[in-house]
Amino acid sequence: MLLKNNGQKVLGLIIAIILLLLFICASIIYGYTDTTWKMALNAFQHNNGSNEHLVITTVRLPRALIAAAVGCSLAIAGVLMQTLTKNPLASPDIFGVNAGAGFAVVIAVTLFSIGDLQAIAWIAFAGAAAAAIGVYIIGSVGREGLTPIKLTLAGAAMAAMFASFTQGFLVIDEAALEQVLFWLAGSVQGRKLEILLSVLPYLIAGWGIAFLISSKMNVLSMGDDVAKGLGLNTVMLKIGAGIVIILLSGGAVAIAGPIGFIGIVIPHVARAIVGIDHRWVIPISGLLGGILLLLADILARYVIMPQEVPVGVMTAIIGTPFFIYIARRGFNAK
Amino acid sequence: MADAIETKNLTLTYGDTIIINELDLRIPKGEITVFIGGNGCGKSTLLRSIARLLKPRTGAVLLEGSAMAKMSTKDIAKRMAILPQSPLAPEGLTVMQLVKQGRYPYQTWLKQWTEEDEEKVNRALKATGIQDLKDRTVDSLSGGQRQRAWIAMTLAQDTDIILLDEPTTYLDMTHQIEILDLLFELNEKENRTIVMVLHDLNLACRYAHNIVAIKNQKIHAQGKPEHVINCNLVKNVFDMECEVTIDPLFGTPLCIPYGKGRCIIKRAEVGNG
Ligand SMILES: Nc1ncnc2c1ncn2[C@@H]1O[C@H](COP(=O)(O)OP(=O)(O)OP(=O)(O)O)[C@@H](O)[C@H]1O
Ligand SMILES: [Mg+2]
């Protein structure tokens with residue numbers, strides 16, 4: 001734990017907020033189209049309709065806000081999943097929740113040509129919920145009930161299943177492939193602000209509830225029996241946390257496609273910084289998740305300029321070594 | 001006066017396997033009750049069900065006369081604490097954080113942390129002798145220290161009824177006696193009802209007012225140790241030959257098992273069947 005007392009943690013939180021704002025600014029300014037701080041300010045104050053100003057207000061700004069919101073949501077969903085399943089590898093992407101939402105959206109957009117943003121959000125929630133419930137049920141089959149190992153296997157299976165469904169479907173329907181390919185790799189680019197705004201209320205609800213249940217998550221992390229003995233309604237809490245996970249990962253996928261690694265990496269980084277108290281881990285994870293996705297998205301513009309790498313690929317490049325590190329520490333790491 | 005806990009026609013199962021069958025049990029208020037029985041006979045299962053951690057297949061558990069199923073779980077937590085068998089703290093949790101969780105039932109949105117909470121936590125740390133460990137992480141402690149930290153959490157809950165599943169496992173002899181003394185004192189001075197599972201029959205006889213021997217999904221015997229513990233009971237419940245004499249210090253029953261081992265005195269062959 002890097003920050004020991006509450007004073008340091010408050011300071012850490014403030015620094016994280018400032019960093020997030022700085023990265024949002026950086027995301028607005030840096031990229032293929034040359035822009036400066038001054039231009040950005042002008043674009044918001046008196047937009048003259050120039051190419052630069054348009055890029056800033058209609059492309060860069062939505063992109064920055066989307067990256068912040070999506071990164072924050074995936075990270076918080078990861079924290080909740082890891083505590084809920086007592087599994088350090090749990091996250092919306094590893095457990096197939098993102099893939100479920102992704103599959104649902106692909107089908108909806110291509111097969112049924114659904115374009116309404118609200119409808120797409122709800123379809124993503126439904127896909128996320130189906131995957132989450134599927135993982136839970138498959139993971140619970142058998143005598144010992146839900147165990148971390150079984151849950152992980154069920155999650156991996158679910159992720160693989162939905163990913164291959166999606167692929168299989170796109171192989172058959174090539175026109176659909178064009179339409180969703182970039183989105184499927186995970187991307188915050190080329191999205192309009194309306195997409196974010198249509199999902200934002202659900203994300204805000206998710207962030208809020210996550211923060212409100214944070215001290216209950218602390219109790220739950222001591223194990224079901226102890227938590228129940230302390231008077232925690234574990235069933236209600238798990239359902240509540242499950243709904244938050246579905247809102248946050250479904251919402252994130254609806255906006256930006258299935259972006260991996262943030263949900264697994266960030267909670268561990270946050271715990272290394274502020275310890276295991278969810279009242280700190282949840283807000284810090286949210287901020288760090290936003291920062292990481294903003295950073296990945298800025299880097300994605302420069303790797304093969306003038307082309308762009310999907311941001312999901314960037315997070316994978318950053319996240320994979322970390323994932324292996326966690327996996328190697330094993331399930332009962334001390 | 002209503003019993004602290006009463007079970008009525010209680011049947012407990014895992015899947016279709018019956019563990020406890022149609023049990024009527026009364027646990028008197030203000031006494032120390034100890035469950036004994038062989039491994040896997042269902043002591044933990046029964047204790048968990050009394051603590052509402054396991055739903056009964058049939059029957060009910062009453063807390064001071066009223067059905068627990070109808071009470072709010074947080075209210076129960078203010079009256080009854082449970083220390084499950086071998087609980088596992090999350091990696092990185094400090095002793096202080098662990099013990100503080102014992103105050104969870106008293107916290108509300110408005111009232112987060114009070115003087116009283118602080119005082120109860122400090123008292124629990126002191127009673128279990130782990131003040132010096134309070135900033136260590138639980139996973140860095142020895143088995144015995146860890147066990148005491150968990151007991152401190154249970155004490156911080158400040159309940160009239162305390163249930164403990166094998167609170168003395170992992171403890172060295174000194175700390176076994178210390179913990180049992182602590183529980184005994186809580187019972188004597190503050191009249192708290194204590195229900196626990198113990199494997200050490202002799203300590204059970206010394207500290208318990210009331211022994212419940214479990215065997216074959218049922219209560220095999222219940223009562224004061226001096227009335228129920230004899231070599232017949234031990235033979236039936238534990239399937240073990242032993243001699244029961246009197247504890248020279250306390251006068252309570254003392255069970256000395258037969259078996260192999262180095263015998264360095266002459267003794268008459270005992271007729272065991
Ligand atoms: N979660 C579970 N699912 C299925 N069976 C279980 C479960 N927990 C316990 N059992 C079985 O129920 C029986 C009673 O277990 P319990 O833990 O109550 O025994 P115990 O008397 O506390 O034993 P010990 O002295 O070893 O702690 C055992 O046969 C055990 O295998
Ligand atoms: Mg047991």
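Analyst: Let us begin with the second largest pocket, whose lining draws at least three residues from each of domain 1 (1-60 + 260-334) and domain 2 (89-259) of chain A. Please keep in mind throughout that this is a predicted model. The second largest pocket has a volume of about 440 Å³, and 23 residues line it, of which Ala99(A), Ala163(A), Leu184(A), Ala185(A) and Pro258(A) are the closest to its centre. Four helices of chain A, namely α4 (97-111), α6 (148-172), α7 (174-184) and α14 (311-329), supply at least two lining residues each, and the largest share, seven residues, belongs to α6(A).

From the pocket in chain A we can turn to a metal site in chain B. Here the magnesium ion (ligand 2) is coordinated by the OG atom of Ser44(B) and the OE1 atom of Gln85(B), at 1.9 to 2.1 Å. Ser44(B) belongs to helix α1 (residues 43-50) of chain B, whereas Gln85(B) sits in the loop between β6 (80-83) and α3 (95-101) of that chain, so the pair ties together parts that are 41 residues apart in sequence. Gln85(B) has a relative accessibility of 36% and therefore counts as partly exposed, because that class covers values between 20% and 50%.

The surroundings of these two residues can be described in turn. In α1(B), seven of the eight residues are buried, so the helix is largely enclosed by the rest of the structure; the buried ones are Lys43(B), Thr45(B), Leu46(B), Leu47(B), Arg48(B), Ser49(B) and Ile50(B). After α1(B) comes Arg52(B), which has a positive phi, near 60°. Ser86(B), which is placed in the loop between β6 and α3 of chain B, likewise has a positive phi, of about 35°, although it is not a glycine. Most residues other than glycine have a negative phi. With a relative accessible area of 53%, Ser86(B) is exposed.

Strands also deserve attention in chain B. Five of the five residues of strand β3 (residues 32-36) of chain B are buried, so this strand is largely enclosed by the rest of the structure. Ile32(B), Val34(B) and Ile36(B) point one way from β3(B), while Thr33(B) and Phe35(B) point the other way. Strand β8 (residues 193-197) of chain B pairs with β3(B) in the parallel sense over four bridges, and four bridges also join β3(B) to strand β9 (residues 210-215) of chain B, again running parallel. Thr33(B) shows both pairings, for its bridge partner is Val195(B) in β8(B) and Asn210(B) in β9(B).

A further arrangement in chain B is an open sheet of four strands in the order β2-β1-β4-β5, with antiparallel pairing. At its edges stand β2 (17-27) and β5 (66-67) of chain B, each with a single partner strand, so one side of each is left without a neighbour in the sheet. Within this sheet, strand β1 (residues 5-14) of chain B is joined by five bridges to strand β4 (residues 58-63) of chain B, the two running antiparallel, and Ile5(B) stands opposite Leu63(B) in β4(B).

Conventions: Residues numbered from 1 in each chain as written. Chains lettered and ligands numbered in written order. Predicted model: local features only at pLDDT ≥ 70, side-chain atom pairs only at ≥ 80, totals over all residues. Heavy atoms only, no water. 1 Å grid on protein atoms, 1.4 Å probe; cavity = no way out; pocket = protein on both sides within 12 Å on 5 of 7 lines; lining within 4 Å. Points joined across faces, edges and corners; volume = space filled by probe spheres on them. Domains from an automatic or database assignment. Donors = N, O, S within 2.8 Å, 3.2 Å for Na, K, Ca; no water. Buried < 20%, exposed > 50% of the residue type's maximum accessible area, 1.4 Å probe, protein only. Pairing = 2+ DSSP bridges.
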